[in-house]
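The sequence and structure are shown first.

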Amino acid sequence: MEAEVFEQVYQDFQEFHAYFAGLFGRRETRERSGHYLQALLAQSGERRNAENLSEAVPDSARGMQRFLTDSPWDDDAVIGRLQEYLAPLLGHPDAVWVLDGSDFPKQGRKSAGVTRQYCGRLGKVANCQAGMFLAYVSP
């Protein structure tokens with residue numbers, strides 16, 4: 001990625017985070033909210049736990065975990081602000097919402113909803129997880 005493009009992406013991210021940062025109270029919590037978003041964007045591993053996320057940002061796994069579990073921010077206010085942010089972006093007259101069910105193979109006992117059931121991806125009964133996905137499609 002060229003430096004100018006990277007700088008623009010970084011600036012866009014900073015503006016996006018600033019739109020929400022005030023909802024997180026203290027300076028430390030606001031900073032951690034930014035680190036958390038950066039980590040979600042940068043960390044491409046399958047397991048996105050606090051330890052893995054902290055490898056992508058200048059924060060500890062403990063700090064990341066404390067942000068998610070102990071910080072006193074109002075999740076309803078964050079969801080409301082996100083809806084406020086997205087509403088003007090999701091208003092194209094030719095847009096549609098697409099709801100799609102999809103099954104995917106899963107092993108182990110640590111994922112919710114994994115059971116032996118028909119898995120379309122495999123074309124047979126196997127351990128899998130079923131999901132419903134909602135997407136917005138516009139020109």
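Is Trp 73 buried, partly exposed or exposed? Trp 73 is partly exposed, because its relative accessible area is 26%, where buried means under 20%, exposed over 50% and partly exposed in between (1.4 Å probe, protein chains only). The model is predicted, so local features need pLDDT of at least 70 and side-chain atom pairs count only at pLDDT 80 or more, whereas totals for chains, interfaces and linings use all residues. Residues are numbered from 1 along each chain as its sequence is written, and side-chain values use heavy atoms, with hydrogens and water left out.

**Aromatic pairs**

The structure holds eleven aromatic pairs; rings of Phe, Tyr and Trp (its six-membered ring) pair if their centres lie within 6.5 Å, and planes under 30 degrees apart count as stacked, over 60 as edge-to-face and the rest as tilted. In the pair of Phe 20 and Tyr 85, the ring centres are 6.0 Å apart and the planes stand at 55°, so the pair is tilted. This pair links distant parts of the chain, with Phe 20 in helix 1 (residues 3-21) and Tyr 85 in helix 5 (residues 75-86), 65 residues apart. Helices are DSSP runs (H or I, at least four residues), numbered from the N terminus. Phe 20 counts as buried at 6% relative accessibility, and Tyr 85 counts as partly exposed at 29%. The rings of Phe 67 and Trp 73 have centres 5.5 Å apart and planes at 15°, so that pair is stacked. Phe 67 is buried at 3% relative accessibility.

Phe 16, Tyr 19, Phe 20 and Tyr 85 form one aromatic cluster. Over the face of Tyr 19 lies Arg 81, at 5.5 Å from the ring centre; a charge sits over a ring if NZ of Lys or CZ of Arg is within 6 Å of the ring centre and within 35 degrees of the ring normal.

**Salt bridges**

The count comes to four salt bridges, each a side-chain nitrogen of Lys or Arg within 4 Å of a carboxyl oxygen of Asp or Glu.

| Salt bridge | N to O distance |
|---|---|
| Arg 27 and Glu 31 | 2.8 Å |
| Arg 32 and Asp 59 | 2.8 Å |
| Glu 84 and Arg 81 | 4.0 Å |

Arg 32 is buried at 15% relative accessible area, and Asp 59 is buried at 14%. Glu 28, Arg 32 and Asp 59 are linked in a network of salt bridges. Arg 27 and Glu 31 are four residues apart in helix 2, about one helical turn; Arg 27 counts as exposed at 54% relative accessibility.

The buried residues of helix 4 (residues 61-69) are Gly 63, Met 64 and Phe 67. Seen down the axis of helix 4, these residues fall within an arc of 100°, so they line one face of the helix; the arc is that of the directions from the helix axis to the C-beta atoms. Their cover includes helix 2 (27-42) and helix 3 (50-54).

Ala 39, Ala 50, Leu 53, Val 57 and Met 64 make up the largest nonpolar core, a core being a set of buried Ala, Val, Leu, Ile, Met, Phe, Trp, Tyr and Cys residues joined through side-chain atoms within 4.5 Å.

Definitions and conventions:
Helices (H or I, at least four residues) and strands (E, at least two) are DSSP runs, numbered from the N terminus. Contact means heavy atoms within 4.5 Å.
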